[in-house]
Amino acid sequence: MYVGECQGHGVRTDFEMVHLRKVPNQYTHLSGLLDIFKSKIGCPLTPLPPVSIAIRFTYVLQDWQQYFWPQQPPDIDALVGGEVGGLEFGKLPFGACEDPISELHLATTWPHLTEGIIVDNDVYSDLDPIQAPHWSVRVRKADNPQCLLGDFVTEFFKICRRKESTDEILGRSTFEEEGREIADITHALSKLTEPAPVPIHKLSVSNMVHTAKKKIRKHRGVEESPLNNDVLNTILLFLFPDAASEKPLDGSSAVDNNNPLSESEEYNLYNQFKSAPSDSLTYKLALCLCMINFYHGGLKGVAHLWQEFVLEMRFRWENNFLIPGLASGPPDLRCCLLHQKLQMLNCCIERKKARDEGRKTNTSDMFPGDAGKAGDQLGPDNLKDTDKEKGEVGKSWDSWSDSEEEFFECLSDTEELKGNGQESGKKGGPKETASLKPEGRLHQHGKLTLLHNGEPLYIPVTQEPAPMTEDLLEEQSEVLAKLGTSAEGAHLRARMQSACLLSDMESFKAANPGCFLEDFVRWYSPRDYIEEEVIDEKGNMVLKGELSARMKIPSNMWVEAWETAKPIPARRQRRLFDDTREAEKVLHYLAVQKPADLARHLLPCVIHAAVLKVKEEENLENISSVKKIIKQIITHSSKVLHFPNPEDKKLEEIIHQITNVEAIIARARSLKAKFGTEKCEQEEEKEDLEKFVSCLLEQPEVLVVGAGRGHAGKIIHKLFVNAQRLTESSDEAAAMAPPEEELKRVSYPEERRQNSVSDFPPPAGRELILRTTVPRPAPYSRALPQRMYSVLTKEDFRLAGAFSSDTSFF
């Protein structure tokens, strides 16, 4: 829109403007606009120079045919059965629920026409869009289309902001005392006046579990239960596949090591996101909770599944069943805390299982994995775990206690033990030590012998160091830091840190009677025993060894520990790792998690899963711009998720980015479906169409090669024809003719002319530019350019003219 004038060298141009809401009928076509243009120029010459015309008509296609949108809404009822369009448990849904492309705008352009070549008036028009030499296309994207994956993750993220605890969500507390609801009302007053009983939390765990399910059912009618039984059982079987067989598999704790993915970059994303491996129980749990939150009972369903999960954990701990889907070994600190806690519980179950089996068989046994530790300190010549069985371990595991308070140091049956611990540390150990029976041997250590009596050196059965989760490590480091830097504090810190060392020294003394600190150091820390070749009195070269400088520091921790250590085999020592206490701590931790805490713990897994899903879907489409965005999302997420409590705003950004990518992929699919890139038989045609679709996604407007006669042009034409048939034909059956027949019809213009239904709707926008060069205001003035632009849409009519006249010769 403009108005005003421009004064140049001997030229004046007037800019004029007409803007109307309602269009006068005679100006809706070319002949009427030519009349205005000519009258505005007012040219004195009788045969007027020809007017050159450029025309652009825009056609809008809104009514896509139904079958062009491939995404079916998920069928929730069929979920329990399993196989549903991408909605089995453990898989994330993907795609837009509505068509992410709302309109297609086709602009047909005639850039160079001359007046007289074409006719366009209120009766007849030569301007057939099919004949237009230039076609270009724009697509209008739907504003924020509803995307399944984005909604899934967003809804799950919303749980993080809820404040309720599991009990509040599910109604009354699950573990109330028996009979509360039938209490007699007559005792109400005495209830008020009597001192309240102190709640004792250490109830017998098994009683709690046996009655838990009964109580849940009593408090909640079956129909009230947030999760229906079929869904719950399907999920529990998915999470705990070993429950299907009668006896849980022993190897169920180990993740399948043959996983071809395990080395790939995608599998290792969990390191960057601090989530959990994509074949682990934690990851599956995150996906199940996500799905339940979306489809089966929302927050209540989440609380219900979590409660069942905690009960299952308790059941497995009590019955020595390992938890499936977790890598064995100590907690992996690269994963989220919840995953570490479950691994910790598995460690406890493993220890308890080993102990209980040892008790049953009443034969010598040892801790799983103990040889590993000894092996770490061995020379490479002796790393054989197969020798475990040969170890002599003495007494049965009965002496292991469940309670930390019982000690076994002072056993009356071995009188020789008294005082030996102290004396054996002194140089030139006393002769009595040799009379001690060796206990707790694992196997012989290669060629090493004890320095003082030449006996072969035996590797003892040792206790494994206690596994730790990151919150325990943090707690421990805080305690150690609080001890300060005073000498006393430093000493205390060293004592706390040397519990494991002391245990190993005691095991070593029991396995090697008559040994010295030097022997222990040669096995445990070979670098602290320095051997040199020296020449003795007889002139022979001999190896002479001594402890390193750090071992000789006065009041050295190692020396102190060696002196206090008594010869006690591992199975009779106080446990370094109290699995009972640790397991109870983990179970309590799990039980007190609110759904919001749970969602925070598992959000990295959900984001991890969403990124993998987006990557997988993008691989099918191969859109280069999306590849870049996914890389950015991964970098962004790894920065945000590594902090213990990421800000909500940053998490929202990540989820928003994921949704954006999903929408782009959905758009690509929508366009591919509409342009039928998959159905092309000819390779060349397929390539052209794929290139066209990818340009449409990334550029604001794309030129159609070959206009209405090109590959893409024919398809666009067909789309318009189908839409027209639907709107104008009353015969619905004819409207839904199969696309092949449509193509045949399209190819015969004569047939099309006879058909009353036009192929294209009336143009949504008409733009014309009229140009000419004439002398103004007099016949002898200089010939100057004249121009008029006109646009006509549904509720807008504009004319903008630039008329030049000569100011020198007028």
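This is a predicted model: local features need pLDDT of at least 70, side-chain atom pairs count only at pLDDT 80 or more; totals for chains, interfaces and linings use all residues.
Which strand pairs with strand β6 (residues 441–449), and over how many bridges? Strand β7 (residues 456–460) is the partner, and the two run in the antiparallel sense over four bridges, where strands are said to pair if DSSP finds at least two bridges between them. Within this pair, Gln444 stands opposite Tyr458 of β7, and β6 and β7 form a hairpin with six residues between them, Gly454 in the turn having a positive phi of about 70°.

Residues are numbered from 1 along each chain as its sequence is written, and side-chain values use heavy atoms, with hydrogens and water left out.

Of its 810 residues, 47% count as buried, and here buried means under 20% relative accessible area, exposed means over 50%, and partly exposed is in between, with a 1.4 Å probe and protein chains only. Among contacts between residues at least 6 apart in sequence, 75% join residues at least 24 apart, a contact being heavy atoms within 4.5 Å.

Let me turn to the nine-stranded sheet. The sheet is open, its pairing is antiparallel, and its order is β1-β2-β13-β12-β11-β3-β4-β5-β10. At the edges are β1 (4–7) and β10 (702–704), each of which pairs on one side only. Neighbouring strands of the sheet are turned by 15° against each other on average, direction ignored; the axes behind such values are lines fitted to C-alpha atoms, for helices over the stretch in contact, and angles run from 0 to 180 degrees between N-to-C directions.

Within the sheet, strand β12 (residues 783–793) and strand β13 (residues 796–806) run antiparallel and are joined by eight bridges, and Gln786 has Phe803 in β13 as its bridge partner. Helix α1 (residues 30–41) packs on this sheet, where it touches β2 (11–20), β3 (52–61), β11 (765–775), β12 and β13, and its direction makes about 35° with that of β11. Helix α23 (residues 683–698) also packs on the sheet, touching β5 (134–141) and β10, and its direction makes about 150° with that of β10.

Now to the charged pairs. A search of the whole structure finds 38 salt bridges, each being a side-chain nitrogen of Lys or Arg within 4 Å of a carboxyl oxygen of Asp or Glu. In one of them the side chains of Asp648 and Arg161 meet at 3.3 Å, N to O. Asp648 lies in helix α22 (residues 648–675) and Arg161 in the loop between α2 (148–159) and α3 (166–170), so the pair ties together parts that are 487 residues apart in sequence. Arg161 counts as partly exposed because its relative accessibility is 40%, and Asp648 counts as partly exposed at 24%.

Arg161 also forms a salt bridge with Glu652, the closest N and O atoms being 2.4 Å apart. Because Glu652 lies in helix α22, this pair ties together parts that are 491 residues apart in sequence, and Glu652 is itself partly exposed, with a relative accessible area of 34%.

A further salt bridge is that of Asp242 and Arg316, whose side chains meet at 2.8 Å, N to O. Asp242 is in the loop between α6 (229–239) and α7 (269–273), and Arg316 is in helix α9 (residues 298–318), so that distant parts of the chain, 74 residues apart, are linked. Both Asp242 and Arg316 are buried. Elsewhere, salt bridges that share partners join Lys613, Glu617, Glu621, Arg669 and Lys672 into one network.

Is Glu618 buried or exposed? At 3% relative accessibility, Glu618 counts as buried, and, not counting residues up to four places away in sequence, Glu618 touches Ile623, Val626, Lys627, Ile630 and Ile665.
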